[in-house]
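Please keep the view open while I go from entry to entry.

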Amino acid sequence: MRHYTLADMLIGHVDQVLRTLTPNSMPALRPSPAQTYASPVLNSEQQTEIAGLMRVNHTGEVCAQALYHGQALTAKLPTVRAEMQRAALEEQDHLAWCELRLHELHSRPSLLNPLWYGLSFGIGAAAGIAGDKWSLGFVAETEKQVCTHLESHLQRIPPQDERTHAILTQMHEDEDHHRQQALNAGGADLPQPVKQVMGMISKVMTTTSFYV
Ligand SMILES: [Fe+2]
Ligand SMILES: [Fe+2]
């Protein structure tokens with residue numbers, strides 16, 4: 001097994017950060033679920049609304065990358081660390097799909113993404129330090145909240161936009177799987193106040209990313 005020095009790991013991490021925050025630098029491993037559907041006819045209001053929602057989802061995926069990167073750095077058990085890295089890789093698809101859809105809608109990712117990356121990385125690293133059962137419990141709760149968001153977005157996206165629907169439906173399936181995996185690996189149920197704080201932070205993120 002290859003031994004990584006501190007410098008190797010630092011360079012690797014800077015590379016991960018730059019790839020997460022630079023458009024078109026994070027290739028999807030799976031093709032976008034949108035590709036089998038034709039582009040819908042949308043009026044400008046619908047287009048703005050969908051772009052806002054996809055910007056929120058894109059920022060959510062930037063946060064997911066950062067959380068997993070932070071946790072992977074501090075998680076204690078090697079099995080958990082490997083699991084985190086695999087999950088982050090799957091989130092990479094979501095990031096790329098959202099980015100592509102935003103581009104199709106003539107829009108762009110949120111300007112606040114570097115800020116959210118930094119905050120989420122810190123939260124992920126803290127969860128990793130708290131211990132594996134809390135770290136996994138944190139993943140499970142995050143994914144649960146993401147699923148609730150995705151369900152509300154699916155209600156708001158006009159039905160004719162099958163491209164966006166296909167992306168969000170696949171993301172929902174994947175996130176629910178990540179939640180289940182984290183619970184199966186021993187994730188603990190987080191205390192209610194922690195869940196509430198997570199909900200509040202996510203509210204700030206979703207509100208600001210919709211516009212900025
Ligand atoms: Fe995701
Ligand atoms: Fe996920």
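Predicted model: local features only at pLDDT ≥ 70, side-chain atom pairs only at ≥ 80, totals over all residues.

**Entry 1**

I began with Leu168, which is in contact (heavy atoms within 4.5 Å) with Met54, Asn57, Leu150, His153, Leu154 and Ile157, once I set aside its neighbours within four places in sequence. Residues are numbered from 1 along each chain as its sequence is written, chains are lettered from A and ligands numbered from 1 in the order in which they are written, and side-chain values use heavy atoms, with hydrogens and water left out.

Next I looked up the largest nonpolar core, and found 17 residues in it. I take such a core to be a set of buried Ala, Val, Leu, Ile, Met, Phe, Trp, Tyr and Cys residues joined through side-chain atoms within 4.5 Å. Buried means under 20% relative accessible area, exposed over 50%, and partly exposed in between (1.4 Å probe, protein chains only). The residues with the most contacts inside this core are Ile50, Met54, Leu105, Ile157, Ile167, Leu168 and Met171. Helix H2 (44-74), helix H3 (78-104) and helix H6 (162-184) are the elements that give two or more residues to this core, and H2 gives the most, with five residues. My helices (H or I, at least four residues) are DSSP runs, numbered from the N terminus. I also found a second, separate core of seven residues, which includes Tyr68, Leu136, Ala140 and Ala182.

**Entry 1: the iron ions**

Which residues are the protein donors of the iron ion (ligand 1)? I found Glu61 (OE), Glu61 (OE), Glu91 (OE), His94 (ND1) and Glu175 (OE), lying 1.9 to 2.3 Å from the ion. Donors here are N, O and S atoms within 2.8 Å of the metal (3.2 Å for Na, K and Ca); water is not among the atoms, so sites may look incomplete. Along the chain, these donors follow the spacing E-x29-E-x2-H-x80-E. Glu91 bridges the iron ion (ligand 1) and the iron ion (ligand 2), which lie 3.9 Å apart. Distant parts of the chain are linked here: Glu61 in helix H2 and Glu175 in helix H6 are 114 residues apart. I checked burial too: Glu61 is buried, and so is Glu175.

**Entry 2: Ala28**

I then turned to Ala28, in the loop between helix H1 (6-21) and H2. Ala28 is partly exposed, with a relative accessible area of 34%. The C-alpha atoms of Ala28 and Glu91 are separated by 9.1 Å, though the two are 63 residues apart along the chain. Not counting residues up to four places away in sequence, Ala28 touches Asp93, Ala96 and Trp97.

Leaving out residues up to four places away in sequence, I see His69 touching His13, Gln16, Thr20, Tyr117 and Phe121. Leu73 also lies in helix H2, but Leu73 counts as exposed, at 54% relative accessibility. I noted 9.4 Å between the C-alpha atoms of Leu73 and Met9, which are 64 residues apart along the chain.
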